[in-house]
Amino acid sequence: MSRFDLKLLDCTLRDGGYVNNWYFGYNNIKDIIVQLTKANIDFVEVGFLRNIEEYNPDITVCNYIEELNKLLPQNTGNTIYSAMAMRSNYDIEKLSPYCGSGIEMIRITAHDYDIEEGMEFAKEVKAKGYKLAVNPINIMGYSDERILWLINEVNQIQPYQFSIVDTFGSMKRRDLDRIVSLVDNNLDRNIRVALHLHENMSLSCSLAQAFIDKHLDRPVSIDGSLMGMGRIPGNLPIELIADYCNEYIGKNYDIDYLMDAIQDHISPLKGNAEWGYTPAYFLSARFNLHRNYAEHYLNKGDLTIRDINHILARIDDNKKTTFDYSYADMLYENYKNNVIDDFQDRKKLLDVLSGKEILLIAPGSSILTYEDVIKSFIGDKKPIVISINFIPDMFEVDYAFFSNNKRFSKIEKIPCKTIITSNLKESKATYVINYNSISGAFNQGCNSFIMLIKLLKDMKFKNVYVAGADGYCESGKNYYDSNIKSYLKHGNKYNLAVANAIQTLDVNISFITPSAYSGEKERL
């Protein structure tokens, strides 16, 4: 087995903090650092230096290096401790000169649009005596010419380390080969080259192994985090690459301590906040986009992954690096705005509904509990029954209303007539209603129940019966069928917003099953 100068850096307490707002708890932070130190991890990044209002010992974001130094163990072994600072949100005057102990390395980062200022920031950090590491954001967004410019700047500064940072997880093997070749052939050989990867395409471990296997004739380093903890979809799992280093290049990382840290501190967090590979983040990497775009569209709750793919493909190059909320929403609205003339379909629908009682059935769990009540109501009133975003198997419905493409795309066979909104990619529905005409009745996004009430109001219906509109609970387990998934988690505030929307529409809703949207809990 060959040996060369390779080191691993763990960034769980810094990069992993995006998952839990850096709130690990003081004792947990100290123990994680101890375990990583005992595991012989070469560099441990203990947190962020940022401009914040006040010090909280339970989080790993601080104003002053001295506050982060409080987290370090007495026995530091051979581990070097690090902190990160971003040029745009840290006042360099707060950073004390290196005192010869404690955090020894400062990793600075800057965006492509302020990298020139970032280089000045880097010089100030180095002047304070720290090992300087330069971590430019999104190197995949740089042209080869721009990378060469950046390397020339770095050579003049002479930092301890320069990082190839795949911010948006879009790097593939050929990209790695190209960028590493550019850096290795032009960066001064005494400067360590580091690699920071993300898991958008489940490539982080294979790319890290490929980087190691190049056996560059220079010092190198690789970033990772325990269990890949990091802002969704996460980072390179440090335990996996540590094991590879042990087996193939003769390193001596103690995996047992890494497993202990994962079991004691990281696995419990993953139960609350998932990270790891997901298709939406693969798509953001595919287009080399800021991951917030994928998060934004996932949070809409009514888009399929295919929809998200089509929207992401429309993002302009000059909007990719920094997330623009207004721009993202504009693309979303444009995508959904399949404006149609629905006059004839509305007229036909009114002709068949006019003079009838209307019963809307939503997929709340109460339709199981009150199944007999609902069946008795249908038998007595003989209403037109319209289900909302699902097809019940215990009731015969006359129409199914769909405005959510995720739900509609999962229905293989629809045994009744359909009413859909124009944003759905389907032309065989019985009636198609212009999405824009009924989507504005609720101020917190699209809500199919409110949209259907709005449609009935437009048709001059004053009274509507409703079953199964139970409202949302924090757990998201409010559906009669466990196979129906809640794409967003809502709570009582959302329920109150729905209730207010109903009141604004001024349609008399008679709930025949209990509902959080009703001011009273009685049923008919």
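The model is predicted, so local features need pLDDT of at least 70 and side-chain atom pairs count only at pLDDT 80 or more, while totals for chains, interfaces and linings use all residues. Residues are numbered from 1 along each chain as its sequence is written, and side-chain values use heavy atoms, leaving out hydrogens and water.

**Exercise 1.** Describe the surroundings of N155.

Solution. Start with the secondary structure: N155 lies in helix α5, residues 144–157 (helices are DSSP runs of H or I, at least four residues, and strands are runs of E, at least two, numbered from the N terminus). Next, take its accessibility: at 17%, N155 counts as buried (buried is under 20% relative accessible area, exposed over 50%, partly exposed in between, with a 1.4 Å probe and protein chains only). Then list the contacts (heavy atoms within 4.5 Å): beyond neighbours within four places in sequence, N155 meets N186, L187, D188 and I191. Finally, look at the polar atoms: one in the N155 side chain is 2.9 Å from the backbone nitrogen of D188.

**Exercise 2.** Find out which residues of helix α12 are buried, and where they sit around the axis.

Solution. Helix α12 spans residues 305–312, and its buried residues are D307, I308, I311 and L312. They lie on the same side of α12, because their arc around the axis is only 130° (the arc is taken from the directions from the helix axis to the C-beta atoms). As a reminder, an α-helix has 3.6 residues a turn, so residues three or four places apart point the same way.

**Exercise 3.** Look at the backbone of P233, Q158 and K460.

Solution. Take the peptide bond first: from I232 to P233 it is cis, with omega near 10°, and P233 is in the loop between β9 and α8. Now turn to phi: Q158 has a positive value near 60°, in the loop between α5 and β7. K460 has a positive phi of about 75°, in the loop between α19 and β15.

Definitions and conventions. Polar contact = N/O pair within 3.5 Å; in protein donor to acceptor, adjacent residues only side chain to side chain.
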